[in-house]
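This report walks through one structure, from its overall make-up to a few local sites. Please keep the model open while reading.

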Amino acid sequence: MAGADPLIGVEQKEKTKFWQGLKDRAGQLKHKVAAVFLAYKHKDTPWYAKLAALITVGYALSPIDLIPDFIPVLGYLDDMILLPLMVALCVRLIPKAVFEQCELQAQGMWQEGKPKRWVYALPIVLIWLLILGLIAKAVFF
């Protein structure tokens, strides 16, 4: 294999490292969503943190995305940007001691994947109906 480009191997390793990093972050996010879910049910979580947690967990468990995945680039941005930002906001709003306790309880929770509940899709459907209604009003009235 004389003459093989050594940079090709380096480039392949970098790609593999990049995808492994994304996979690791997705696993961490799933764990954090589970902890946010437990914090939502915790009695010492303030109401405003519970509201943020309810919205975050509902969005995370909804089988319908706010921006559908089939829309090029934008479809995956909500999964890569919006959900992590929502989780980060919840982590900041939930008291540290409560969140640490919930993180410990969340270990191994949802290992087979997060549950998908169609009831969590209702707010997303309502947002889309509102957007479509506003568009129809602007176009037809």
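Buried means under 20% relative accessible area, exposed means over 50%, and partly exposed lies in between (1.4 Å probe, protein chains only). By that rule His-42 is buried, because its relative accessible area is 15%.

This is a predicted model, in which local features need pLDDT of at least 70, side-chain atom pairs count only at pLDDT 80 or more, and totals for chains, interfaces and linings use all residues. Residues are numbered from 1 along each chain as its sequence is written, and side-chain values use heavy atoms, with hydrogens and water left out.

**Overall make-up**

The protein chain has five helices and zero strands. Helices (H or I, at least four residues) and strands (E, at least two) are DSSP runs, numbered from the N terminus. The order of elements from the N terminus is α-α-α-α-α. The chain has 141 residues, and 27% of them count as buried.

Contact means heavy atoms within 4.5 Å. Among contacts in the chain with a separation of 6 or more, 75% come from residues 24 or more positions apart.

The score is pLDDT, the predictor's confidence in each residue, from 0 to 100. The chain averages 79, and 74% of the residues score at least 70. Helix 1 (residues 6-41) has the lowest confidence, with a mean of 74. Helix 4 (residues 96-105) has the highest, at 93.

**The loop between helix 1 and helix 2**

His-42 sits in this loop. Beyond its neighbours within four places in sequence, His-42 is in contact with Lys-50, Val-98, Gln-101 and Cys-102.

Thr-45 lies in the loop between helix 1 and helix 2 as well. Thr-45 is buried, because its relative accessible area is 5%. Residues up to four places away in sequence aside, Thr-45 touches Ala-39, Lys-50, Ile-94, Pro-95 and Val-98. A polar atom of the Thr-45 side chain lies 2.6 Å from the backbone oxygen of Ala-39.

**Helix 2**

Helix 2 covers residues 47-61, which makes 15 residues. From first C-alpha to last, helix 2 reaches 21 Å, close to the 21 Å expected at 1.5 Å a residue. The expected span of a helix is 1.5 Å times one less than its number of residues. Its buried residues are Ala-49, Ala-52, Ala-53, Thr-56, Val-57, Gly-58, Tyr-59, Ala-60 and Leu-61.

How many aromatic pairs does a search of the whole structure find? It finds one. The partners are Trp-47 and Tyr-48, with ring centres 5.9 Å apart and planes at 85°, so the pair is edge-to-face. Rings of Phe, Tyr and Trp (its six-membered ring) pair if their centres lie within 6.5 Å; planes under 30 degrees apart count as stacked, over 60 as edge-to-face and the rest as tilted. Trp-47 counts as exposed, at 64% relative accessibility. Tyr-48 is partly exposed, with a relative accessible area of 41%.

**Salt bridges**

A salt bridge is a side-chain nitrogen of Lys or Arg within 4 Å of a carboxyl oxygen of Asp or Glu. By this rule the structure has two salt bridges.

| Salt bridge | N to O distance |
|---|---|
| Glu-103 and Lys-32 | 2.9 Å |
| Asp-44 and Lys-43 | 3.5 Å |

Lys-32 counts as partly exposed, at 29% relative accessibility. In the other pair, Asp-44 is partly exposed, with a relative accessible area of 43%. Lys-43 is exposed, at 71%.

**Asp-79**

Asp-79 is found in helix 3 (residues 74-93). Asp-79 is partly exposed, because its relative accessible area is 29%. With residues up to four places away in sequence not counted, Asp-79 touches Asp-65, Asp-69 and Pro-84. Asp-79 and Ile-67 are 12 residues apart in sequence, and their C-alpha atoms are 9.1 Å apart in space.

Conventions: A polar contact is a pair of N or O atoms within 3.5 Å; within protein, one must be able to donate a hydrogen and the other to accept it, and residues adjacent in sequence count only if both atoms are side-chain atoms.
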